[in-house]
Amino acid sequence: MTEPRVIELSEWDSKQRLSGLPTPREVLTTTVEEAIDACEDLGGRVVCKASGVAHKSELGLVRIGLDAAGVRSSWEELAAAGDGTVLCAELVSGELELIVGGLRDPHFGPVVSIGIGGVATEVFGDVAVVLAPPEPGELDDALATLRGSTLLRGHRGSPPVDVAALEQVVMAVSNLLDTDPSVVEVDCNPVLISGGQPLVLDALVVRAAP
């Protein structure tokens with residue numbers, strides 16, 4: 001049977017569709033001059049990514065910690081590898097990575113998953129799943145089932161994760177699945193926890209092709 005055709009939105013377009021998503025400050029640049037200005041506005045060092053490309057990191061199309069000179073030397077290559085634009089984001093650090101995703105289960109309908117990111121997810125499959133939209137308190141119960149739940153409560157001096165703020169990410173995914181039936185999958189990965197607050201560093205929305 002032929003697989004249904006899908007369209008993967010760019011990171012920028014995906015984030016625009018996920019209303020209320022907490023992200024780093026970002027600028028979608030169409031020229032190298034815009035990117036250099038963005039670098040200055042975003043603190044002097046930025047992350048630059050090719051836009052409209054899936055699996056950017058694996059392809060070497062994410063450059064971290066670029067100053068203005070680095071932006072100038074990298075912009076054309078990144079733009080040519082993607083859709084002609086480059087996403088510039090402020091450089092942020094954090095204490096933990098999570099993954100938040102969503103899809104349409106053939107039996108249960110829209111569901112949202114939350115998991116510990118990085119090696120924990122790849123090796124241990126440390127993920128909890130809730131129906132969308134989640135009931136009040138359901139996210140807290142789901143997070144408590146994770147093997148890495150201790151990390152969410154604060155670990156080795158790091159602040160606990162703001163669950164109410166994390167719920168904003170979950171609800172953004174849930175609401176998109178609920179309001180746009182063409183959306184078949186959503187992936188927010190990684191969701192960086194910085195000072196206890198979630199920041200979605202990358203997002204992907206997959207839609208059924210018309």
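Which residues lie nearest the centre of the second largest pocket? The views below take this predicted model region by region.

**View 1. The second largest pocket is lined by 18 residues.** Nearest its centre lie Val47, Lys49, Val62, Ile64 and Leu201. Two or more lining residues come from each of strand 3 (46-50), strand 4 (62-66), strand 5 (86-90) and strand 9. The volume of this pocket is about 340 Å³. Its lining divides into 10 nonpolar, 1 polar and 7 charged residues.

**View 2. The largest pocket has a volume of about 630 Å³.** Its lining holds 24 residues, and the closest to the centre are His55, Glu58, Asp187, Asn189 and Asp202. At least two lining residues come from each of strand 6 (96-105), helix 4 (119-124), strand 9 (183-194) and strand 11 (203-208). Strand 9 gives the largest share, with 4 residues. Sorted by class, the lining has 8 nonpolar, 7 polar and 9 charged residues.

**View 3. Lys49 and Glu11 form a salt bridge.** Side chains of opposite charge can pair when their charged atoms come close. In this pair, the closest N and O atoms are 2.8 Å apart. Lys49 sits in strand 3 and Glu11 in helix 1 (residues 11-17), so the pair links distant parts of the chain, 38 residues apart. Are the two partners buried or exposed? Lys49 has 8% relative accessibility, and it counts as buried because that value is under 20%. Glu11 is buried too, with a relative accessible area of 7%.

**View 4. Arg25 pairs with Glu90 in a salt bridge.** Their closest N and O atoms are 3.5 Å apart. Arg25 lies in the loop between helix 1 and strand 2 (26-29), while Glu90 is in strand 5, so the pair ties together parts 65 residues apart in sequence. Arg25 is partly exposed, at 44% relative accessible area.

**View 5. Glu77 forms a salt bridge with Arg63.** Here the closest N and O atoms are 3.1 Å apart. Glu77 is in helix 3 (residues 68-81) and Arg63 is in strand 4. The two residues are 14 apart, and the pair links distant parts of the chain. Glu77 is partly exposed, with a relative accessible area of 45%. Some salt bridges share partners, and these join Glu11, Lys15, Glu26, Lys49, Lys56 and Asp202 into one network. How many salt bridges does a search of the whole structure find? The search finds 9.

**View 6. Cis peptide bonds join Ala132 to Pro133 and Asn189 to Pro190.** For Ala132 and Pro133, omega is about -5°. Pro133 sits in the loop between strand 8 (127-131) and helix 5 (138-144). For Asn189 and Pro190, omega is about 5°. Pro190 is found in strand 9.

**View 7. His55 has a positive phi value.** Its phi is near 55°, and His55 is a residue other than glycine. Where is His55 found? His55 is in the loop between strand 3 and strand 4. With a relative accessible area of 57%, His55 counts as exposed, because that value is over 50%.

Notes:
Residues numbered from 1 in each chain as written. Predicted model: local features only at pLDDT ≥ 70, side-chain atom pairs only at ≥ 80, totals over all residues. Heavy atoms only, no water. 1 Å grid on protein atoms, 1.4 Å probe; cavity = no way out; pocket = protein on both sides within 12 Å on 5 of 7 lines; lining within 4 Å. Points joined across faces, edges and corners; volume = space filled by probe spheres on them. Nonpolar A, V, L, I, M, F, W, Y, C, P; charged D, E, K, R; others polar. Salt bridge = Lys/Arg side-chain N within 4 Å of Asp/Glu carboxyl O. Buried < 20%, exposed > 50% of the residue type's maximum accessible area, 1.4 Å probe, protein only.
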